Amino acid sequence: MPKRKAIVNICECVACGCCVKVCPKNAISILKGVFAEINSKLCVGCGKCAKECPASVITLEVTEQ
């Protein structure tokens, strides 16, 4: 069954932290104050972070698992 995982475009991320606040699994952190990093083992692919991102730099990728 396919699963979804969130992916951050680190070149465009402004590290505002909006995604961190809405992640229900605490899978996102701001790395070195520069960009968001998503722990793929914790991410459940709910998409809340992608919807909340004001810069629209988070997308959901379908993976087979």
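Hi everyone, let's start at one spot: Lys 32 sits in the loop that joins strand S2 (28–31) to strand S3 (35–38). When I say helix or strand, I mean DSSP runs, numbered from the N terminus: H or I of at least four residues for helices, E of at least two for strands. Lys 32 is not a glycine, yet its phi is positive, at about 55 degrees. For background, most residues other than glycine have a negative phi. Lys 32 is also exposed, with 77% relative accessibility. Here buried means under 20% relative accessible area, exposed means over 50%, and partly exposed is in between, with a 1.4 Å probe and protein chains only.

A quick word on what we are looking at. This is a predicted model, in which local features need pLDDT of at least 70 and side-chain atom pairs count only at pLDDT 80 or more, while totals for chains, interfaces and linings use all residues. Residues are numbered from 1 along each chain as its sequence is written, and side-chain values use heavy atoms, with hydrogens and water left out.

Now let's step back to the whole chain. It has two helices and four strands, and along the sequence they come in the pattern β-α-β-β-α-β. How does the radius of gyration of the chain agree with a compact globule? For 65 residues, such a globule would be near 11 Å, and the chain has 11 Å, so the two agree. That radius is taken over C-alpha atoms, and the globule rule is 2.2 Å times the number of residues to the power 0.38. The C-alpha trace spans about 35 × 20 × 20 Å along its principal axes.

Of the 65 residues, 31% count as buried. Take the contacts with a separation of 6 or more: 59% of them are accounted for by residues 24 or more positions apart. A contact means heavy atoms within 4.5 Å.

Next, a second residue with a positive phi. Ser 56 is not a glycine either, and its phi is about 55 degrees. You will find Ser 56 in the loop between helix H2 (48–52) and strand S4 (58–64), where it is exposed, with a relative accessible area of 59%. Cys 53 is in the loop between H2 and S4 as well, but Cys 53 counts as buried, at 11% relative accessibility. From Cys 53 to Ala 6 is 47 residues in sequence and 12 Å in space, C-alpha to C-alpha.

That brings us to the cysteines. How many disulfides does a search of the whole structure find? The count is zero, where a disulfide is a pair of cysteine sulfur atoms within 2.5 Å. Cys 18 is partly exposed, at 24% relative accessibility. Cys 13 has its closest cysteine sulfur in Cys 19, 6.2 Å away, and that is also too far for a bond. Cys 13 is buried, with a relative accessible area of 13%.

One last stop: Asn 9, in the loop between strand S1 (2–8) and helix H1 (18–22). Asn 9 is partly exposed, at 36% relative accessible area. Ile 30 is 21 residues from Asn 9 in sequence and 13 Å away in space, C-alpha to C-alpha.
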